[in-house]
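Colleague: I have a model open and would like to learn how to read it. Could you walk me through a few features?

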Amino acid sequence: MNDPFSKAINVLYTSPSVTTFEDLNPAYRIYTVEGDIEGTKHDVLDFETHFFNLSKADVGREPTWELLYQAKNEYNMPDLSPSSWQKISEKLRTNLPLYEKFLK
């Protein structure tokens with residue numbers, strides 16, 4: 001983990017929570033996964049995160065979920081492979097605006 005010459009070999013995805021926490025909107029994530037076709041690895045191809053803005057909530061109305069971002073587009077990634085995520089993590093160390101975007 002602390003070896004700068006090591007290479008990423010896998011990715012662990014976590015998803016947001018639909019439970020409200022202090023200062024956080026509920027959210028969910030939809031993963032697009034490689035199909036069940038012979039020879040595929042069932043890799044995650046992309047994901048999109050949707051959220052419900054609690055400040056816009058109106059009693060008696062259905063919640064309106066909004067698209068927050070799509071991973072590949074948001075981080076300008078060719079794919080979600082471990083090597084692509086490694087490149088993003090390297091950029092996060094030196095690019096403050098990207099880091100702040102990632103945290104948000």
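Colleague: How far apart do the end C-alpha atoms of residues 9-94 lie?

Modeller: They lie 22 Å apart, and the span is 20% helix and 26% strand. Helices (H or I, at least four residues) and strands (E, at least two) are DSSP runs, numbered from the N terminus. UniProt lists residues 9-94 as "domain: Sphingomyelin phosphodiesterase C-terminal" in an unreviewed entry; such annotations may be inferred rather than shown by experiment. Bear in mind that this is a predicted model, where local features need pLDDT of at least 70, side-chain atom pairs count only at pLDDT 80 or more, and totals for chains, interfaces and linings use all residues. Residues are numbered from 1 along each chain as its sequence is written, and side-chain values use heavy atoms, leaving out hydrogens and water.

Colleague: In what order do the strands form the sheet?

Modeller: Strands of a sheet pair through backbone hydrogen bonds, either parallel or antiparallel. Two strands count as paired if DSSP finds at least two bridges between them. Here, 3 strands form an open sheet in the order β1-β2-β3, with antiparallel pairing. Because β1 (27-33) and β3 (65-70) each have a single partner strand, one side of each is left without a neighbour in the sheet. Strand β2 (residues 44-52) is joined to β3 by 5 bridges, and F52 has W65 in β3 as its bridge partner.

Colleague: Is N53 buried or exposed?

Modeller: Buried means under 20% relative accessible area, exposed over 50%, and partly exposed in between (1.4 Å probe, protein chains only). N53, in the loop between β2 and β3, counts as buried because its relative accessibility is 17%. Not counting residues up to four places away in sequence, N53 touches N25 and E66, where contact means heavy atoms within 4.5 Å.
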